[in-house]
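Biologist: I'm new to this one. Could you walk me through it?

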Amino acid sequence: MFTASRIQADSKPEFYSQLVQQARGLLHGEHDRIANAANLSALVWHALDGINWCGFYFFDGRELVVGPFQGKPACVRIALGKGVCGTAAATRTSQLVADVNAFAGHIACDGASRSELVVPLVDAHGALLGVWDVDSPELARFDEDDRRGMQALCAVFVDSLQPRAAAA
Ligand code: SME
């Protein structure tokens, strides 16, 4: 059985399916970016084992700027193309990094981080909103199930910002 905090599931996909449902409930009816980013960070922080940071970097039109998160204080600004976050933003492709020391240009905000998963946030019009970043002190903490699960959580977040799209 795969367990984490208050969620009990038989598999990781099932765990994420329940977490996505919780996220939908938590963000339902609210469209404020900071409020929803803060609550989603807290939800994931308390649901997942083996993570030391999770949170948002938002694109300000020029670079990534740290947003709501859980964990130790982090680097404030990251240029597009730099580090794991900047690479996810520039390529608009999620980055699953089993060993951050093997990722050229990784930015070490918390020296304890050993693996990382970053998902780009892109709105319905294709505009870059930022990235969602999760770090772990364990090597290879994240796999393809985590990538799919985090992408699903990010979709809930992005949808929550667009009342009309969410209602359609
Ligand atoms: N490691 C990230 C920087 C952000 S922190 O992990 C919170 C990177 O390489 O982009």
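Modeller: Helices (H or I, at least four residues) and strands (E, at least two) are DSSP runs, numbered from the N terminus. It's a predicted model, where local features need pLDDT of at least 70, side-chain atom pairs count only at pLDDT 80 or more, and totals for chains, interfaces and linings use all residues. Residues are numbered from 1 along each chain as its sequence is written, and side-chain values use heavy atoms, with hydrogens and water left out.

Biologist: How many residues of strand β3 are buried?

Modeller: Strand β3 covers residues 53-59 and is mostly covered. Of its 7 residues, the number buried is 6.

Biologist: Which residue in β4 is the bridge partner of Y57?

Modeller: Strands pair if DSSP finds at least two bridges between them. β3 and β4 (residues 63-71) run antiparallel, joined by 6 bridges. Y57's partner in β4 is V66.

Biologist: Which cysteines form a disulfide?

Modeller: A disulfide is a pair of cysteine sulfur atoms within 2.5 Å. The structure holds 1 of them, with the sulfur atoms 2.0 Å apart. The two cysteines are C75 and C109.

Conventions:
Buried < 20%, exposed > 50% of the residue type's maximum accessible area, 1.4 Å probe, protein only.
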